[in-house]
Amino acid sequence: MSTDAPLRSARSWGAALALMVGLAACAPGDAAAPSTPPAPPSSPPTTDRETGQPWRWTGYETFPSLYFAAEPEGPYTDEQLAKIRRFELAIVEFRAGQFLEEFTTGLWAGGDLGGFMDAEARRIQADGGPPTLVYRSGMWAGSMFAPQRDLLERQALFLPDARGCPGFIDYPLDVGETGATTGLAYCRWDVRRADARRAFLDVVERAARGPAQGVFFDNGHSVPCDEGQQLSRLTPDERRAFLDAQTDLYADAFARLEARGRYPVLSTPMGFAADAGQVPWENACPRGLDDVVAGLGDVPFARNDEFWMWNLGEQAARQIRTTLEATRRGIPTIVHMPYFPEDDGCAGGCYGRDGTRIRFDEAAFLEFGMAAFLVATGPGSYFGFSDMQTDPEGGGWFDVSWPYYDAYDRVVTGRPLGEAVVSNDGMTFTRRFERGTVRVNVADGTYALDLEVPDP
């Protein structure tokens with residue numbers, strides 16, 4: 001997301017920061033500067049040939065559940081680790097350790113979020129835990145990452161727009177809110193600059209040297225798709241140039257990860273040409289996902305749909321059609337489905353194709369999202385679901401928002417027997433699997449998971 005919010009007290013600022021994350025030409029002689037070649041892998045990767053992922057995907061044998069959260073108070077407890085290890089994929093979210101030293105040094109994660117994430121990834125993977133990824137932003141640099149503090153001193157690397165940046169520059173060094181400031185203003189990468197691209201690649205290389213099997217890139221296209229100019233003052237032509245440079249940068253970054261046996265996930269609001277707008281914001285992308293995929297070449301990656309089934313009707317149908325096309329192209333999709341219990345499902349309420357308000361409880365909304373996921377995705381894909389209103393500051397992204405649901409153990413499909421069959425009105429998607437049939441109607445929110453129940 002990309003909504004800006006004012007600075008408030010230390011604990012309430014966490015909520016403001018959540019909002020910010022979740023909603024000019026190059027300098028002369030800059031663009032042609034070459035980048036260094038990728039480093040050799042630290043160890044020979046073992047890659048799933050069907051997915052390109054450096055682990056074995058078993059999503060037809062076990063529901064491919066996703067955990068994507070942080071514990072802001074410090075390291076995960078033993079109880080939390082036991083829960084996380086039940087999931088099939090884990091991503092350590094960037095709010096990890098946010099309040100660890102709130103009343104001592106005031107430093108987010110002790111001033112070294114990268115090192116803190118690496119330690120948590122090791123703990124998750126111990127004792128047969130799932131493959132684990134760590135978080136980096138494709139949009140901003142933050143002082144909670146020790147190496148990025150030095151990069152932020154080089155303000156020319158960033159777009160000259162200070163909106164929202166205090167939360168990524170000053171706050172991580174002063175979580176207790178004593179009023180200390182750095183005097184720095186800008187935090188969003190200007191990837192049109194070759195020196196900014198080199199700095200970003202160094203961020204990626206550092207993440208790749210850690211124990212995690214991959215890197216999750218958030219806000220992957222927030223700046224170039226920012227139709228509301230909340231993140232920059234770039235013109236449409238400048239946003240197009242920005243996106244082209246960013247695609248080249250991701251191609252280089254993802255190749256470096258592949259060389260080290262690491263896997264990238266790119267969070268993007270983009271759809272393919274026929275279904276461009278995936279959510280009601282950041283939907284003025286100057287190019288489509290078709291162009292980005294072509295620019296990335298053959299390097300394996302997954303796309304992330306962070307707001308799966310944001311509402312019903314045509315918007316939900318676009319998300320499913322985009323995911324179907326990604327599956328045809330061999331691109332896995334990692335989805336996060338946000339649940340707003342106070343609104344009975346969708347933020348502001350779920351509305352069917354005819355405008356009727358449709359109310360879900362938690363179990364029904366979860367299964368509706370799972371059904372939509374299953375009819376559209378292929379190998380390498382994962383599904384996550386979180387309660388966005390369980391915590392006033394980190395709702396949706398703190399560990400408390402991510403229970404392990406019994407439905408993950410009940411829903412086992414076997415391999416698909418073909419693609420989804422789409423109804424004439426484009427609203428109902430039905431897919432047959434070895435263990436039964438899954439159907440979802442995004443016009444009215446109905447669904448069916450007619451599957452054999454697995455043996456206990």
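This tour starts with the whole chain and then moves along three neighbouring elements of a sheet region, E1, E2 and E3, in a predicted model.

Residues are numbered from 1 along each chain as its sequence is written. In this predicted model, local features need pLDDT of at least 70, side-chain atom pairs count only at pLDDT 80 or more, totals for chains, interfaces and linings use all residues, and side-chain values use heavy atoms, with hydrogens and water left out.

Select the protein chain. It holds 11 helices and 14 strands (DSSP runs numbered from the N terminus: helices are H or I with at least four residues, strands are E with at least two). Of its 456 residues, 60% are buried (under 20% relative accessible area, 1.4 Å probe, protein chains only). The chain exposes about 16,900 Å², with 50% supplied by carbon and sulfur atoms (Shrake-Rupley method, 1.4 Å probe).

Next, select strand E2, residues 89-92. Leu89 and Ile91 point one way, Ala90 and Val92 the other. All four are buried.

Find Tyr67: its bridge partner in E2 is Ala90. Now show helix H2, residues 78-84, through which the chain crosses from E1 to E2. This β-α-β crossover is right-handed (with the strands pointing away from the viewer, the path from the first strand over the helix to the second runs clockwise).

Move on to strand E3, residues 132-137. E3 pairs with E2 in the parallel sense over three bridges. Here Ala90 stands opposite Thr132. Finish with helix H3, residues 113-125, which carries the chain from E2 to E3 in a right-handed β-α-β crossover.

Note on methods
Buried < 20%, exposed > 50% of the residue type's maximum accessible area, 1.4 Å probe, protein only. Pairing = 2+ DSSP bridges.
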